[in-house]
Protein chains: 2
Amino acid sequence: MQIAPTDRTTVRRQSQRASYERKLVDAVIDEALSCHVGFAIDGRPWVIPTIHARIDDVLYLHGAVANHMLREISGGIEACVTITLVDALVLARSAFHHSMNYRSVMVFGRATIVDDPDEKWAALHALVEHVVPGRMAEARPPSDAELRKTAVLRLPISEASAKVRTGGPIDDPEDLALPVWAGQLPLSTAYGSAVSEPDTVATVPAYVTGYRRP
Amino acid sequence: MQIAPTDRTTVRRQSQRASYERKLVDAVIDEALSCHVGFAIDGRPWVIPTIHARIDDVLYLHGAVANHMLREISGGIEACVTITLVDALVLARSAFHHSMNYRSVMVFGRATIVDDPDEKWAALHALVEHVVPGRMAEARPPSDAELRKTAVLRLPISEASAKVRTGGPIDDPEDLALPVWAGQLPLSTAYGSAVSEPDTVATVPAYVTGYRRP
């Protein structure tokens, strides 16, 4: 399924890297651990890092972002959520053509507070499961008091685009014979050994020892 | 050296995690491969991922960000550059107290175009060296035509703050005896094996095989 491009989501620079394919947008959102949420207050920009979760066509945010926005604004706020995965450093023979391989997504729209208790609970469930799949089967679920203390924002994934670069460097033809190494250095996220709390009575679960992103 | 907090950089949520220590701010900026640049056009937010480099008290950005901003604005633009390093997933016994360990920096200010050719050259040199230290001793330096094609922005690091979380989960006392594992899963960036271009005539340099961030 394609997302209809809008004026904001039409990629103009390196447009051959653009995609409006919903499956790709969702895959980047689901793989990334965190996002950067941008909004403007009195015309001045703020960018806050936070975690996110997707349920079907909605991106959910919570906590810090919601609180910050709530302090200033009620009734929703224009947001731009950007999610970036860096896959490789790309070294060209010329300084100018150095690049990175990446997958990024931008979602634009009006973020609004979730009031419905069922939707809020589902969003918080999804936020924990987004970071550690399997965790909500074990963790103590939020109490009513905790639910009241947590603000959740919803942003429909209706105005969004992805941008992807893959492959090696693209040098100018006249640089190809230069005695300068050219290629890619792949990057990925490594997961270390779990560090148990001194007072934890349980053993490390398989969803932690075998942790990986989708 | 401490950076004087302003209204924008005073951390209000989880303020025990805040720092205005210039050395810490610089260390996060220097370690991170990329940043997210926020700005507003007609009051609507944009967040663009890009690379950055620091020279002393100035953060430099280039290319996509500069072009995007330039399309709309001349004479500088209010920006918020946020840089985030995620160090660990933090699993508490309760869903509510799940967290992440991270180091983040926000730099606010007016980003302006670099016109001075020497400063522009130094910034582009720093941008390549930021990503791959040692690379500019080998790569073909930018030509005059390439320099003209590249826009560079400068943002003074004068209004900035850092936020850092470390350590294990902080559960409520009544949850400590729950039979739920609690602890941290450390994250780091892993560097794969270099992939040489088929037509590269040089061997993989030591600054690639031994790549690591500062």
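In the predicted model, the interface between the two chains brings 75 residues of chain B into contact with 75 residues of chain A. On the side of chain B that touches chain A, at least two residues each are supplied by strands E2 (35–41), E3 (44–50), E6 (77–91), E10 (183–191) and E11 (195–196), as well as by helices H2 (64–72) and H3 (117–131) of chain B. The most is given by E10(B), which provides nine residues. By residue class, this side of chain B divides into 45 nonpolar, 19 polar and 11 charged residues.

Strand pairing also links the two chains. Strand E10 of chain A (residues 183–191) pairs with E11(B) in the antiparallel sense, over two bridges. Within E11(B), B:Val195 stands opposite A:Gln184.

Helix H3 of chain A comprises 15 residues (117–131), which at 1.5 Å a residue should span 21 Å; the end C-alpha atoms are 22 Å apart, in agreement with this expectation. The buried residues of H3(A) are A:Lys120, A:Ala123, A:Leu124, A:Leu127, A:Val128, A:His130 and A:Val131. Viewed down the axis of H3(A), these buried residues fall within an arc of 160 degrees and therefore line one face of the helix. Their cover is drawn from both chains: in chain A it includes strands E4 (52–55), E5 (58–62) and E8 (152–156) together with helix H4 (144–149), and in chain B it includes strand E6 (77–91).

Notes:
Residues numbered from 1 in each chain as written. Chains lettered and ligands numbered in written order. Predicted model: local features only at pLDDT ≥ 70, side-chain atom pairs only at ≥ 80, totals over all residues. Helix = DSSP H or I, 4+ residues; strand = E, 2+ residues; numbered from the N terminus. Expected span 1.5 Å × (residues − 1). Buried ≥ 20, exposed ≤ 12 C-beta atoms within 10 Å, placed from the backbone. Arc of directions from axis to C-beta. Contact = placed C-beta atoms within 7 Å. Nonpolar A, V, L, I, M, F, W, Y, C, P; charged D, E, K, R; others polar. Pairing = 2+ DSSP bridges.
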